[in-house]
Amino acid sequence: MLTRKERIAACVAGLQKLEQQQERYRQEKFRAYEDYSGGTLAKDAYLRQRADIDSKLAAAKAEQDAQEQLLSELEHLAFQDKAQEDDVFNSFAGATELTAELAQTFIKEVLVSSPTEIEIVWKFRDVFGMQGNDN
């Protein structure tokens with residue numbers, strides 16, 4: 001299962017491919033017109049090609065609209081999660097000691113690799129800005 005960030009990245013990549021595909025269709029349509037206006041393509045053949053290309057363009061545009069809607073929804077959810085995360089951080093902003101509730105809220109696990117090396121894996125982004133754990 002993909003994370004929200006991965007889904008957003010996939011949406012953006014999909015949108016870029018759809019834009020490139022639409023540009024290729026527009027170029028194909030222009031070439032068909034040039035062939036028709038240059039006399040190398042009959043009117044009936046040109047009209048069929050144009051209708052086929054217009055159909056492909058409309059399908060690509062519909063897919064682009066769907067991808068843009070999905071991207072908008074994913075970004076909205078990410079914003080809501082960020083706002084909720086900020087609310088949690090603000091609720092503990094004045095803490096002066098580590099309580100069980102604070103540890104359960106922010107710490108996923110503590111890794112002790114030697115007596116002098118301890119790594120804290122956060123449930124949210126690293127509040128100290130050293131490294132993030134984007135869950």
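Me: Contact here means heavy atoms within 4.5 Å. Among contacts between residues at least 6 apart in sequence, what percentage joins residues at least 24 apart?
Reply: This is a predicted model, in which local features need pLDDT of at least 70, side-chain atom pairs count only at pLDDT 80 or more, and totals for chains, interfaces and linings use all residues. Residues are numbered from 1 along each chain as its sequence is written, and side-chain values use heavy atoms, with hydrogens and water left out. For contacts in the protein between residues at least 6 apart in sequence, the share that joins residues at least 24 apart is 46%.

Me: Is Q64 buried or exposed?
Reply: Q64 belongs to helix 2, which covers residues 43-91. Buried means under 20% relative accessible area, exposed over 50%, and partly exposed in between (1.4 Å probe, protein chains only). The relative accessibility of Q64 is 8%, so this residue counts as buried.

Me: Which residues does Q64 touch, not counting residues up to four places away in sequence?
Reply: Q64 sits in helix 2. With residues up to four places away in sequence set aside, the residues that Q64 touches are L15, L18, E19 and Q22.

Me: How many Å apart in space are Q16 and Q64, C-alpha to C-alpha?
Reply: Q16 is placed in helix 1 (residues 4-37) and is partly exposed, at a relative accessible area of 47%. In sequence, Q16 and Q64 are 48 residues apart. Their C-alpha to C-alpha separation in space is 9.2 Å.

Me: Why is the pair of Y36 and Y46 stacked?
Reply: Rings of Phe, Tyr and Trp (its six-membered ring) pair if their centres lie within 6.5 Å; planes under 30 degrees apart count as stacked, over 60 as edge-to-face and the rest as tilted. By this rule there are two aromatic pairs. For Y36 and Y46 the ring centres are 4.7 Å apart, and the pair is stacked because the planes lie at 10°.

Me: Which parts of the protein hold Y36 and Y46?
Reply: Y36 is partly exposed, with a relative accessible area of 30%, whereas Y46 counts as buried at 8%. Their pair ties together parts that are ten residues apart in sequence, because Y36 lies in helix 1 and Y46 in helix 2.

Methods
Helix = DSSP H or I, 4+ residues; strand = E, 2+ residues; numbered from the N terminus.
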